[in-house]
4 protein chains.
Amino acid sequence: MDYQQLVEEVYREVNELNLRGKVADYIPELAKVSGDRFGMALITLKGEVYGIGDYQEPFSIQSISKVFTLTMVFHVFRSKLWSRVNVEPSGNPFNSIAQLEYEKGIPRNPFLNAGALVITDALTSKFDEPVRCIREFIDELAGQHCVRINEEVMRSELRHAERNTAMAYFLKAYQNFDNDIQEVIRTYVSQCSIEMSCEELAKAFSYLANDGYSLFAKREILNESQSRRVNALMLTCGFYDESGEFAFRVGLPGKSGVGGGVAAVLPGKFSIAVWSPELNEKGNSVKAIKALELLTDKLKVSLF
Amino acid sequence: MDYQQLVEEVYREVNELNLRGKVADYIPELAKVSGDRFGMALITLKGEVYGIGDYQEPFSIQSISKVFTLTMVFHVFRSKLWSRVNVEPSGNPFNSIAQLEYEKGIPRNPFLNAGALVITDALTSKFDEPVRCIREFIDELAGQHCVRINEEVMRSELRHAERNTAMAYFLKAYQNFDNDIQEVIRTYVSQCSIEMSCEELAKAFSYLANDGYSLFAKREILNESQSRRVNALMLTCGFYDESGEFAFRVGLPGKSGVGGGVAAVLPGKFSIAVWSPELNEKGNSVKAIKALELLTDKLKVSLF
Amino acid sequence: MDYQQLVEEVYREVNELNLRGKVADYIPELAKVSGDRFGMALITLKGEVYGIGDYQEPFSIQSISKVFTLTMVFHVFRSKLWSRVNVEPSGNPFNSIAQLEYEKGIPRNPFLNAGALVITDALTSKFDEPVRCIREFIDELAGQHCVRINEEVMRSELRHAERNTAMAYFLKAYQNFDNDIQEVIRTYVSQCSIEMSCEELAKAFSYLANDGYSLFAKREILNESQSRRVNALMLTCGFYDESGEFAFRVGLPGKSGVGGGVAAVLPGKFSIAVWSPELNEKGNSVKAIKALELLTDKLKVSLF
Amino acid sequence: MDYQQLVEEVYREVNELNLRGKVADYIPELAKVSGDRFGMALITLKGEVYGIGDYQEPFSIQSISKVFTLTMVFHVFRSKLWSRVNVEPSGNPFNSIAQLEYEKGIPRNPFLNAGALVITDALTSKFDEPVRCIREFIDELAGQHCVRINEEVMRSELRHAERNTAMAYFLKAYQNFDNDIQEVIRTYVSQCSIEMSCEELAKAFSYLANDGYSLFAKREILNESQSRRVNALMLTCGFYDESGEFAFRVGLPGKSGVGGGVAAVLPGKFSIAVWSPELNEKGNSVKAIKALELLTDKLKVSLF
C-alpha cells in the first residue's frame with residue numbers, strides 16, 4: 001500500500017467536493033481560523049509518516065484531549081473510576097445537563113463534557129501539577145516537545161466557562177466531584193486549549209493502534225485490554241451524537257474536537273489525524289470526516 | 001487455536017460463577033423456559049462447528065431477528081431507508097416512545113422496537129408474503145430448514161402487543177409507516193417468535209463474519225460495505241442501552257434478544273451464538289454476555 | 001354593570017387591535033372556517049344573555065367537550081377515577097406522549113388528550129350509547145336541543161386519529177384503558193366534532209359559575225365541592241401549556257378548543273363563551289383570549 | 001363566622017388524624033426541628049388575629065420568601081422581568097435543571113429555584129444591600145420587627161448550595177444572570193434562612209388578600225392587577241409539582257416551604273399561615289395542607 005499516494009488522493013478528492021461547514025465561534029479565538037485549512041497525517045506502526053496539506057500546522061485539539069486525560073487516569077485508577085462515569089453512548093449533545101440530572105450525577109461516558117470533567121477531577125486528585133503532567137504525558141506520547149497551550153484561547157474559554165462550571169457544581173451536588181471547582185475548570189480549559197499538528201497528534205495516538213505500546217514513548221502506555229477499551233469507547237462515543245454515523249460510514253475508533261480535528265486509529269495498522277476547521281451541525285469537521293470515509297473506502301479496511 | 005477446548009473451558013468457567021438473572025416474563029410462554037439452560041456454538045469461516053451444552057436446543061430468538069429483517073431490506077432499499085430510520089445509539093430503553101416524539105417519528109436505529117417496526121413495514125411493502133420470505137431467508141442463511149415459529153409465543157405476544165401497536169400508530173402519525181398496522185404487527189410478532197438453536201443461529205450469522213458472503217447460502221448476501229455497516233450498527237446499538245458496556249467489555253458486533261440469546265461475529269474469523277435465558281436488568285443474558293467476555297479474553301481478540 | 005355595553009366595548013376594542021393567528025389546519029374541515037369570525041356571549045346567573053358578533057353561530061367546540069365528559073364521569077365514579085388520571089398541570093403540549101411514558105400511563109390531567117381518552121373510556125364503561133348520552137347531557141345543560149355533530153369534521157378527524165390511537169394503545173399497555181380502542185376513539189372524535197354557538201356554550205357552562213346547579217337543566221349537575229374542583233382544574237390546566245399565562249392575565253377558570261372557542265366562568269357571577277378561529281402558537285384563540293383579558297380588566301374582577 | 005373556634009376545630013381534627021411525613025433533612029439544622037410542632041394563624045382584613053398551637057413560634061420560611069422577593073421586583077421592573085422568567089406551571093420538581101436546558105435558560109416560573117434565582121439576581125441589580133432590603137420589606141409588611149435570619153441554617157445551606165450554584169451558572173451561560181454568582185447565592189440563601197412565626201407570616205401576606213394594600217404597612221404594596229397576578233402564580237405554581245392537587249383540594253393561592261410552612265390567602269377575606277415540619281414526598285407539609293383543606297371545607301369557601 002502506498003500510503004503517501006493514498007493520502008494525496010483523498011486530500012485532492014475531498015477538496016474537489018468543496019464541502020462547507022461553519023468554524024466554531026463560541027469563542028472569538030477559534031472563529032479567527034481560516035475555514036480553508038486542511039491537513040492530514042497517517043503514521044504506521046513502524047513510525048513512517050505520510051502527510052499532506054496543513055499537516056504540520058498546529059491547531060486547537062479541544063475535546064481530543066479527553067482521550068489523553070482518560071488514558072492518564074485509566075492507568076492509575078482502574079475499575080474504581082467506572083463507578084463515577086459510565087461507558088454508554090449518550091444520545092444527547094456533548095454539553096447537555098438534562099441527562100446528568102436523570103442519571104443522578106453519573107455522566108454517560110468520559111467524552112461528554114460532564115464525563116471529561118469527572119476525569120479531570122480524578123486527575124487533579126492524583127497529580128500535584130495536573131496541567132504540567134498532561135503536557136508532559138502528551139509530549140512523551142508524541143516522542144517530542146510539541147504541546148503548546150494557546151493562552152489566548154484558554155483565557156477566552158475561561159471567560160465562557162459558565163456551562164462547564166454549572167456541570168461541575170451539579171456533579172458536586174451528587175458527590176461526584178472532589179476538588180476545587182475553579183481549579184479543575186482551569187485544568188480542563190487548559191487541556192482543551194492545547195495546540196498540536198496532525199503529525200504530532202497522529203504520533204501521540206499511535207499507542208491506541210498498537211495495543212497500548214507507544215513507539216514514540218518506547219513503553220507500554222496501557223495494557224492490551226485497556227487500550228482496546230479506550231478504542232471501544234471512542235467508537236461508540238467519540239463523535240458526540242454522530243458516533244453511530246461515524247461507525248457506520250467510517251468504522252474506525254476516533255475522537256473529534258470543535259477545533260476541527262479528528263484523530264483515529266486502525267488497530268494493528270496505523271493512526272491518523274485530520275484537521276479542517278469547518279464543522280457540521282453536530283460539531284464534527286466536515287472535511288475530516290469525509291476524508292476518513294474516503295480513505296477507509298479506498299483501503300477497504302474497517303474494524304468490521 | 002483449539003476452539004472446542006475453548007468453548008468447553010468458557011462453558012465450565014461461566015457455570016462455576018453461578019450468575020443469576022431473571023427469565024423474561026412479559027409473556028407466560030417465555031417465563032416457562034428453565035433458567036438453567038445454557039449453550040454455545042462457534043462456527044469458523046470454513047464451516048467448522050464447535051458446540052457445547054444446549055447448543056442444539058431451539059430457543060426464541062426475539063430481537064435477534066431484527067438483524068435478518070434489516071439485511072433483507074438493506075439489500076433492496078439502499079439509501080432511501082436511511083431517511084426513515086437513523087443509525088445512532090439511543091441512550092434509552094428499547095421500547096421507549098418518548099425519544100420518538102422528540103425526534104418527530106424517525107427512530108434512532110433499526111434495533112429499537114420503533115426502528116424494527118419501520119424495517120418490517122418496509123419489508124411488507126416489498127414482499128407479498130413477508131413472514132414466508134423471512135423464514136425462507138433465514139433458512140437459506142443457515143443452509144438448512146431450521147426456522148420454526150412458536151405459535152403459542154406468537155399468539156401470546158399478539159395479545160400483549162399494545163405498546164408496539166402504539167409505536168406503529170405514532171410512526172404513522174409522522175407519515176413514517178405505510179402498511180396496515182395490524183398486518184405489520186403480526187409479521188413483527190412472527191419474526192420475534194422464531195425459534196432456532198445456537199448452531200443454526202451461528203450459521204445464519206456467518207455472512208457477517210465474512211464480508212457479506214454466506215458459506216451456507218453459497219452467495220453474497222450483502223456486499224462488503226453493507227455487511228460492515230450492519231456490524232457497525234450491531235456494535236453501537238445491538239445490546240439495547242448496554243451496547244457501550246458490551247463494546248467495552250467484549251468488543252464484538254452482536255445482537256441480543258430477550259429470549260436469552262446473543263449472536264455475534266469476529267469479522268474474518270468466526271460467528272458465535274450463545275443462549276441462556278436469565279437476563280440482567282437491561283434485558284441481556286447474564287451468562288451469554290459473560291461467556292463472550294471470557295472467550296474474547298482467552299482468545300485475546302477483539303475488533304479493537 | 002351594563003353587560004351588553006361591556007361585551008360590545010370589548011368586541012370593538014379587540015377588533016381594532018387586528019390580532020392575527022392561524023386557523024387550525026390539521027384537518028381540512030377546520031381550515032375552511034374564515035379567520036374573521038368573532039363572537040361572544042355572557043350569561044348571568046339569572047339567565048340573562050348578552051351577545052355580540054357571531055355569538056349565535058355554531059363552531060367546532062373540540063377540546064371544550066372534555067369539560068362535559070369529565071363532568072359526566074366525575075359524578076358517577078368519584079374518587080376511583082383519580083387513580084387513573086392526575087390533576088397536575090403538564091408543562092407539555094396537549095398531545096405529548098413522552099410524559100405519559102415517564103409517568104407510567106397515568107395522564108397528568110383530564111384535559112390533555114391522553115387524560116381525556118381515559119375519561120371517555122370510563123364513560124364508555126358506564127353508558128351503553130356514549131355518544132347519545134354526551135349529546136343529551138350537553139343539551140340538558142344548555143336547556144335546549146343544540147348539539148350537532150359535524151359528520152364531515154368527525155370523519156376527517158377519524159382519518160387523522162393515529163396519534164390519539166397511539167395514545168390509547170399506550171394507555172392500554174399500562175392497563176389504564178378498558179374498552180375497545182376503536183370504539184372509544186370514535187366516541188372521542190364525535191365529542192370533539194360537536195358544534196355549538198357561544199350562546200349555547202355559555203348556557204351549558206353556567207353550572208360551573210353556580211356551584212354546580214344549572215339554571216337551564218334546573219338541577220344540581222355537580223355538588224359544590226365537585227364544581228369547584230372542575231374549576232380548579234380548568235384554571236390550572238385548561239389552556240394547554242398556556243394555562244399559567246391565562247391565569248396570570250385573565251384569572252378565570254376556562255377551557256379552550258382548537259376550533260377557536262373558549263368557555264369560562266366567574267363563579268357567582270356569570271359564564272361566558274368567546275369564539276374566533278385564529279390561534280396562537282399554543283393552540284388558543286388570539287382574539288378570545290384578548291377579549292377575556294380586556295373584559296376582566298374592565299370589570300375589575302378576577303378570582304384573585 | 002367565629003374564626004377562633006374554626007382554627008381550633010381544624011387544629012384538633014388534624015391532630016387526631018395523626019398524619020406523618022418526614023422533616024426536611026438536606027441540611028442538619030432543619031432536621032433538628034421536632035416533627036410534632038404545629039401552629040396556625042388566620043388574620044382578617046380588619047387585622048384580627050386568630051391563632052392556635054405553635055402559631056407564635058418562629059420557623060424557617062424557606063421558599064415562602066420567594067413571594068416577597070417577587071413582590072419587591074414586580075413593583076420595580078414590571079413587564080421587563082417577564083422576558084427573563086415565565087409564568088407557567090413546571091410539571092417538574094422545584095430544583096430540576098433539565099427543563100431549564102430545554103427552554104434555553106428561561107425558568108418556567110418564579111417559584112422554581114431557577115426562577116427565584118433570576119428574581120434575586122434582578123433584586124441584586126436594583127438594591128445596594130439586598131439582604132437588608134428584604135428584611136426591611138418583610139418587617140414593613142408584617143408591621144413589626146420580626147425577621148430573623150438563622151445564621152446556622154444559612155451557613156449550612158451555603159455549604160450545600162452546589163445545585164443552586166449550578167443553576168446560577170447555567171442561567172449565566174444563557175445570559176439570564178447579571179450579578180456575581182456567589183453574591184446572589186448568598187442573598188438567596190439568606191432569604192431562605194429567614195425565620196418568622198405563623199402570626200408574622202400571615203400578617204406579611206395580608207396585602208395579597210387585600211388587592212395589594214397592606215393593613216400593616218399602611219400602603220399599597222402592589223396595585224390590584226399586580227396583586228392578583230401574584231395570587232394567580234401562587235395558585236398555579238405555589239406548591240411545586242403538587243400545585244394542581246392543592247388547587248383541586250384547597251382552592252386558595254398559597255406558597256409552601258420545606259421548613260413546613262404554608263402561607264395562603266382568601267382574597268377579600270383573610271390571610272393564613274400554617275406550620276408543621278413533616279413533609280410529604282413532594283416537599284409540602286402534610287398537616288398544613290390537611291388543615292387548609294379542612295378549613296376551606298368547613299368555611300365552604302374557595303376561589304372557585
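Helices are DSSP runs of H or I with at least four residues, strands are DSSP runs of E with at least two, and both are numbered from the N terminus. With that numbering, C:N18 is placed in the loop between α1 (3–17) and β1 (22–23) of chain C.

This is a predicted model, in which local features need pLDDT of at least 70, side-chain atom pairs count only at pLDDT 80 or more, and totals for chains, interfaces and linings use all residues. Residues are numbered from 1 along each chain as its sequence is written, chains are lettered from A and ligands numbered from 1 in the order in which they are written, and side-chain values use heavy atoms, with hydrogens and water left out.

Stay with C:N18 for a moment. C:N18 is not a glycine, yet its phi is positive, at about 55 degrees. Its relative accessibility is 52%, so C:N18 counts as exposed. Here exposed means over 50% relative accessible area, buried means under 20%, and partly exposed lies in between (1.4 Å probe, protein chains only). C:Y240 also has a positive phi of about 55 degrees and is not a glycine. This residue lies in the loop between α11 (224–237) and α12 of chain C. C:Y240 is buried, because its relative accessible area is 10%.

Now turn to helix α3 of chain C, where C:T71 is found. C:T71 has a relative accessible area of 1%, so this residue is buried. What does C:T71 contact, leaving aside its neighbours within four places in sequence? The partners are C:F137, C:Y207, C:I221 and C:L222. Contact means heavy atoms within 4.5 Å.

Aromatic rings come next. A pair of aromatic rings is described by the distance of the centres and the angle of the planes. Rings of Phe, Tyr and Trp (its six-membered ring) pair if their centres lie within 6.5 Å; planes under 30 degrees apart count as stacked, over 60 as edge-to-face and the rest as tilted. Over all chains, the structure holds 42 aromatic pairs. One of them joins C:F68 and C:F205: the centres are 5.5 Å apart and the planes stand at 80 degrees, so the pair is edge-to-face. This pair links distant parts of the chain, 137 residues apart. C:F68 sits in helix α3 (residues 65–77) and C:F205 in helix α10 (residues 198–209), both of chain C. Both C:F68 and C:F205 are buried.

Another edge-to-face pair is formed by C:F248 and D:W82, with 5.0 Å centre to centre and 65 degrees between the planes. That pair crosses between chains. C:F248 belongs to helix α12 (residues 243–249) of chain C, while D:W82 is in the loop between α3 (65–77) and α4 (98–102) of chain D. C:F248 counts as buried because its relative accessibility is 7%. D:W82, at 22%, therefore counts as partly exposed. In chain A, A:Y3, A:Y50 and A:F270 form one aromatic cluster.

Charges meet rings too. The charged end of B:K255 sits over the ring of B:Y240, 4.5 Å from its centre. In chain D, D:K255 lies over the face of D:Y240, at 4.5 Å from the ring centre. A charge sits over a ring if NZ of Lys or CZ of Arg is within 6 Å of the ring centre and within 35 degrees of the ring normal.

How do the chains meet? Chain C and chain D each give 35 residues to their contact. Between them, about 2700 Å² is buried, with 58% from carbon and sulfur atoms. Buried area is the accessible area (1.4 Å probe) that two parts lose on being put together, summed over both. C:R229, C:F248 and C:F304 supply 30% of the area that chain C buries against chain D, more than any other three residues. There are 2 salt bridges between chain C and chain D. A salt bridge is a side-chain nitrogen of Lys or Arg within 4 Å of a carboxyl oxygen of Asp or Glu. C:E293 forms one with D:R229, the closest N and O atoms being 3.9 Å apart.

A rotation of 180 degrees, with 0.0 Å of shift along its axis, superposes chain C on chain D (RMSD 0.0 Å). The two copies are thus related as by a two-fold rotation axis. Copies are superposed by least squares on the C-alpha atoms of residues with pLDDT of at least 70 in both.
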